[in-house]
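Open the model in your viewer and get ready to click along. We will go from one selection to the next and look at what is there.

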Amino acid sequence: MGLWSYYFLLKLGLHLQGSLFMDWRLNLVFALAISIPLSRGLVVARNLIAIPLGAALMYMESSLPPLSRVLAEWGAIASFDNHYLLELAGRLFSLHLLLGLLVGSLVYWMLSCKFRMGSFAILGILILPAHAAWQTLTKPATTVPVLQQAALRGPQTPEELLSDFYQEESLRQTRFDPPLPGEAPFDIAILQLCSLAWDDLDLLGQAQAELLQRADIQLTAFNSAASYSGPAAIRLMRASCGQRSHDALYSPPSSSCLLLSQLNQVGYSTRIALNHDGTFGDFLSDITNNSAGSAQMIPNTGLAQTMRQFDGSPIYSDLAVLQRWAATQQQAPEFLYYNSTSLHDGNRLKQRPRLGSIESYPLRLQGLFSEITQFLDELESRNRPTIVILVAEHGAALRGDDAHIAGLRELPTPAVTHVPALVYLTGLSASTDPVIVDSPTSYLAIAELLARFIKQSPYSDDAPALSSYTTELPKTRFVSENAGLVVMRNQGRFLQRDPAGNWESLGASKGRYDQVISAR
């Protein structure tokens with residue numbers, strides 16, 4: 001077997017460390033094929049074939065995205081600046097890993113002088129299934145998840161469950177009625193934030209941050225249903241209808257599903273603002289194509305720049321952009337859609353450019369929360385009531401797991417799509433305890449909540465208790481998607497479907513995910 005034994009022993013070490021998942025069957029077949037005695041010329045030919053196959057097998061077993069996705073997104077990856085590419089390489093090849101490889105190589109070289117290392121490699125591969133069985137037996141039982149799902153109606157396959165979900169969601173729609181006579185007017189601002197999930201907040205000890213606790217209504221089991229910004233923004237823009245499949249997001253929308261179209265019909269002028277240029281991933285087109293063609297863009301040119309985005313483009317102060325909207329409002333009620341990428345992976349602070357984005361994330365989070373808090377305070381001081389909804393697109397995946405290195409979020413796990421969704425009613429005179437909605441919800445609940453506020457203003461003298469607005473908000477079962485990937489929750493466990501249509505338990509695939517989400 002020669003140096004190929006080092007290849008297999010190296011992967012065994014990385015498997016035990018949790019850096020990759022080694023498929024023992026494929027590796028055993030590969031190892032046996034490499035071990036067949038051949039003439040020198042045939043050995044060279046075999047190696048020419050085996051080297052790319054071995055590299056492909058190792059890549060498949062790693063936590064990197066599927067090669068098909070890398071190739072499909074190559075244009076986007078090519079736009080990353082050099083700082084971000086080096087940072088990503090550093091996450092893949094840490095100093096700890098490099099030192100381990102050096103020590104392992106020395107140990108291998110010393111042992112290979114006395115032993116046939118190929119035998120150890122084959123033995124290690126054969127031990128893998130026994131090791132996996134032992135881990136399963138000794139693994140502590142998981143707690144029953146708090147987020148509940150509807151029970152199955154008879155025996156169904158995962159594909160049937162998903163089909164039923166789409167069918168049920170296709171029938172759901174929120175209707176926006178004009179305000180009742182005499183209702184007090186108010187503005188609406190939805191702030192959609194990139195890269196902020198409850199898992200990130202838990203990791204940083206910020207799940208009880210003052211800004212989050214200040215919300216009047218908290219949707220604590222909200223699923224953003226997407227692990228990338230474009231799809232999440234489209235889903236929000238189409239919040240008036242039930243959840244559609246990922247592929248359906250790129251079909252022409254029905255005007256009855258477009259949130260901005262619905263708001264136009266009940267008297268709202270609509271505007272859009274970003275703290276970035278919107279070019280990456282054609283994000284701005286995703287927004288404008290789903291805004292009913294009537295929304296006015298608020299320029300961010302000339303505003304203070306706080307950081308550089310992962311592609312080198314400028315990111316502007318969140319507060320400055322929001323203040324520009326407030327300063328240019330017209331008399332009629334307005335709706336603002338605002339998108340912020342201040343927390344996106346790869347961003348660099350203007351004042352501390354040498355900090356990596358993982359290191360700077362707590363600072364960027366603190367700055368973002370501080371600026372949103374100041375914006376809410378300024379709205380409170382105005383004589384113009386405003387309902388502000390803060391909702392995240394997806395998480396930052398700061399923790400990382402067996403499916404991703406930190407910062408990557410190809411698989412839409414609950415750690416990535418279970419995000420904050422909070423409602424602030426600025427200028428509301430009555431002080432009440434926050435209303436907690438802990439049932440599973442998604443964008444349709446936001447649209448329904450807005451429709452109820454518009455029909456009967458919470459700012460009117462005869463407005464009901466705030467909790468009455470959240471009664472029987474539409475629930476949405478947990479289904480999250482990315483291109484070719486689906487994660488679905490069923491009876492307390494998570495299932496995933498790969499691009500080939502195969503379903504498996506999320507916890508059983510590469511040890512990828514076995515985390516319980518607790519509602520807050």
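Start by selecting Ser460: leaving aside its neighbours within four places in sequence, Ser460 is in contact with Gly182, Glu183 and Ala184 (contact means heavy atoms within 4.5 Å). Ser460 is found in the loop between α18 (443–455) and α19 (466–469); helices (H or I, at least four residues) and strands (E, at least two) are DSSP runs, numbered from the N terminus. Is Ser460 buried or exposed? With a relative accessible area of 11%, Ser460 is buried (buried means under 20% relative accessible area, exposed over 50%, partly exposed in between, with a 1.4 Å probe and protein chains only).

A word on what you are looking at: this is a predicted model, where local features need pLDDT of at least 70 and side-chain atom pairs count only at pLDDT 80 or more, while totals for chains, interfaces and linings use all residues. Residues are numbered from 1 along each chain as its sequence is written, and side-chain values use heavy atoms, with hydrogens and water left out.

Next, select Cys241 and Cys257, which a disulfide joins, S to S 2.1 Å (a disulfide is a pair of cysteine sulfur atoms within 2.5 Å). The pair links distant parts of the chain, 16 residues apart, with both Cys241 and Cys257 in the loop between α12 (229–237) and α13 (259–265). The torsion about their S-S bond is about -85 degrees, so the disulfide is left-handed. Cys241 and Cys257 are both buried. A search of the whole structure finds 1 disulfide. While you are looking at cysteines, click Cys194 too: it counts as buried, at 1% relative accessibility.

Now colour strand β10 (residues 421–426). Here 6 of the 6 residues are buried, so β10 is largely enclosed by the rest of the structure. Ala421, Val423 and Leu425 point one way from β10, and Leu422, Tyr424 and Thr426 point the other way.

Which strands pair with β10? Strand β9 (residues 386–392) does so in the antiparallel sense over 6 bridges, and strand β2 (residues 217–219) is antiparallel to β10 over 2 bridges (two strands pair if DSSP finds at least two bridges between them). Look for Val388 opposite Tyr424, and for Ile217 with its bridge partner Val423.

For the last stop, select β6, β5 and β8. In that order they form an open sheet of 3 strands with antiparallel pairing. The edge strands, β6 (314–316) and β8 (348–349), each pair on one side only. Finish on Gln305, whose bridge partner in β6 is Tyr316.
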